[in-house]
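Here are some notes for a first look at this model. Please keep the structure open while reading the points below.

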Amino acid sequence: MANGGPVQHGFPHLQTVRASITALYKRLSYDTVQTFATSVLPADVAFCDTDDLYLGAQRVARELVRHYRLPDARLVVSFREMSHAASVELAAGPEYFVELNDRFRTHRRDIGAALAHEVMHVYLHRLDLSFPGIRDNEILTDTATTYLGAGWLLLDAYREDDASSQKLGYLTPEEFGYVLAKRALVFAEDPSVWFTSPQAYTAYGKGLAEARRDEQQPPLTAAGWAGRRRYARDRRHAQERGGGGGGAQAGVPYAFTPDGRGPLRVSFPCPTCQQRIRVPVRGRVRARCGLCRAVLECDT
């Protein structure tokens with residue numbers, strides 16, 4: 001939790017974020033991801049200063065448990081002084097103990113954001129889905145929270161000006177915006193209508209631009225002129241070598257590989273779930289991702 005300190009910006013964790021989205025689809029399946037088409041609504045996690053601190057926190061926790069479809073999980077919420085925003089004790093359940101930073105006693109509107117991350121820890125624990133290392137596992141948790149409809153709360157908790165700052169979670173504001181945008185493109189949702197933080201709008205806009213770039217990489221037909229030209233050059237070199245070499249260059253998302261006596265093939269990440277797709281190099285091709293079922297128009 002950045003509390004008055006510097007806030008990291010940009011996309012330093014993008015590779016892990018993309019791997020997290022792929023892992024979600026692989027572990028949950030397309031059909032299960034689709035059940036999260038509706039985000040947590042502001043009214044469901046609203047917390048005003050006149051609400052009882054403990055009863056209000058328990059109410060918000062129950063709403064997030066319901067959103068994540070964990071009906072047999074019970075959260076016991078308490079507050080104490082700590083350096084992090086919150087922590088959860090991951091036991092066998094069904095009762096889980098969550099501790100929130102004492103800061104939230106007076107910053108109650110952000111309790112939903114802190115609990116969204118901690119309840120996701122419980123959800124992933126039950127799924128037995130994790131990444132090695134604390135950092136990557138926390139990035140997975142932030143990404144899953146956001147992609148499954150509660151992470152807009154985390155971005156909205158980001159506030160920064162010349163005198164103070166606050167940010168929850170391990171992702172940068174722009175990375176939260178990126179995952180929100182990936183979700184928005186799948187479910188035709190506009191999370192920006194729920195933001196109360198002016199800085200959240202800016203971060204979401206930058207994340208949306210990055211998400212759009214995923215849809216404009218060759219061999220997708222939406223790729224720009226410069227990308228198409230580079231792709232054609234790399235394809236020609238790969239054909240001259242008999243395959244290979246096209247994906248070894250920095251910043252190139254696609255890779256050419258030979259296919260025995262058949263045509264040259266190109267692999268590239270699905271712009272929706274980041275699973276790599278492999279198709280023959282033969283001009284216009286319509287590809288369907290087997291993981292997220294996205295249909296992609298390609299010019300290979």
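1. Start just after helix H4, at Asp128. This residue takes a positive phi of about 60°. Bear in mind that the model is predicted.

2. Now step back into H4 itself. The helix covers residues 111–127, which makes 17 residues. From first C-alpha to last, H4 reaches 24 Å. That is close to the 24 Å expected at 1.5 Å a residue.

3. Is H4 mostly covered or mostly open? It is mostly covered. Of its 17 residues, 15 are buried.

4. Helix H3 comes next, at residues 53–67. It has 15 residues and reaches 21 Å between its first and last C-alpha. The expected value, at 1.5 Å a residue, is close to this: 21 Å.

5. Look at both ends of H3. Just after the helix, Arg69 has a positive phi of about 60°.

6. Which residues of H3 are buried? Among them are Leu53, Gly56, Ala57, Val60, Ala61, Leu64 and Val65. The list also includes Gln58, Glu63 and His67. Their cover includes H4 and strand S2, residues 74–80.

7. Strand S8 spans residues 265–269, and strand S9 spans residues 276–280. They pair in the antiparallel sense over five bridges. Pro269 stands opposite Arg276 of S9. Six residues lie between the two strands. In that turn, Gln274 has a positive phi of about 70°.

Notes. Residues are numbered from 1 along each chain as its sequence is written. This is a predicted model: local features need pLDDT of at least 70, side-chain atom pairs count only at pLDDT 80 or more; totals for chains, interfaces and linings use all residues. Side-chain values use heavy atoms; hydrogens and water are left out. Two strands pair if DSSP finds at least two bridges between them. Helices (H or I, at least four residues) and strands (E, at least two) are DSSP runs, numbered from the N terminus. The expected span of a helix is 1.5 Å times one less than its number of residues. Buried means under 20% relative accessible area, exposed over 50%, partly exposed in between (1.4 Å probe, protein chains only). Contact means heavy atoms within 4.5 Å.
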